[in-house]
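Open the structure in the viewer and keep the selection tool at hand. The stops below say what to select next and what is there.

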Amino acid sequence: MQNLEIITQTNDELTTITAVKEYIPEATDNDNDILTKLITRASKFIKNHTNRELNETVFKEAIDGDNSCKLFLSEYPIISVENIKINDAIVYENGTAKDGNNYYIYQDIGIIRRSIYWPKDFQNIEVNYTAGYETIPEDLEQAVIEMGAF
């Protein structure tokens, strides 16, 4: 079981009015309200469909340890891991292991591997991290633009 909390998010939309207007040259400033609504709806649709936030976001996630070496985070790609706590003790902070173990972060797929097993317990592991896209990939942004345009 995982408990995910959004700490901060810089932007909730996957594209901009400017990008949509470039795709629809006849759109004017009078269309801004409806375009904003369409962008919001298309962004929410894609986020709900993927079950991810996608925009760069800071998360705090509590995860059940399961005696495996891999920890699967809910959000990815991982931009950075600020810290990892096990039973409230910091074991990893800003790229440095504090407990003598090795930690490997697979950023693209949202996995943190530890050289020994993650101890088994109910939400005993807390990870504070930043994930999502710093720049939305062009194909993803284009999908939102086209959804908003039609």
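## Stop one: a lysine in a helix

Select lysine 21, which is found in helix α1, residues 17-23. The model is predicted. Is lysine 21 buried or exposed? Its relative accessibility is 18%, so lysine 21 counts as buried, the cut-off being under 20%. Now show what surrounds this side chain. Apart from neighbours within four places in sequence, lysine 21 is in contact with Ala27, Thr28, Asp29, Asn32 and Leu35.

## Stop two: the aromatic pairs

Move on to the rings. The count of aromatic pairs comes to three. For one of them, select tyrosine 103 and tryptophan 118: the ring centres are 5.9 Å apart and the planes stand at 55°, so this pair is tilted. Tyrosine 103 belongs to strand β7 (residues 103-106), whereas tryptophan 118 lies in the loop between β8 (111-114) and β9 (121-131), so the pair ties together parts that are 15 residues apart in sequence. Both tyrosine 103 and tryptophan 118 are buried.

## Stop three: charges over rings

The charged end of arginine 114 sits over the ring of tryptophan 118, at 5.3 Å from the ring centre.

Which ring lies under the charged end of arginine 52? Select tyrosine 76: the charged end of arginine 52 sits over this ring, 3.9 Å from its centre.

Note on methods: Residues are numbered from 1 along each chain as its sequence is written. This is a predicted model: local features need pLDDT of at least 70, side-chain atom pairs count only at pLDDT 80 or more; totals for chains, interfaces and linings use all residues. Side-chain values use heavy atoms; hydrogens and water are left out. Helices (H or I, at least four residues) and strands (E, at least two) are DSSP runs, numbered from the N terminus. Buried means under 20% relative accessible area, exposed over 50%, partly exposed in between (1.4 Å probe, protein chains only). Contact means heavy atoms within 4.5 Å. Rings of Phe, Tyr and Trp (its six-membered ring) pair if their centres lie within 6.5 Å; planes under 30 degrees apart count as stacked, over 60 as edge-to-face and the rest as tilted. A charge sits over a ring if NZ of Lys or CZ of Arg is within 6 Å of the ring centre and within 35 degrees of the ring normal.
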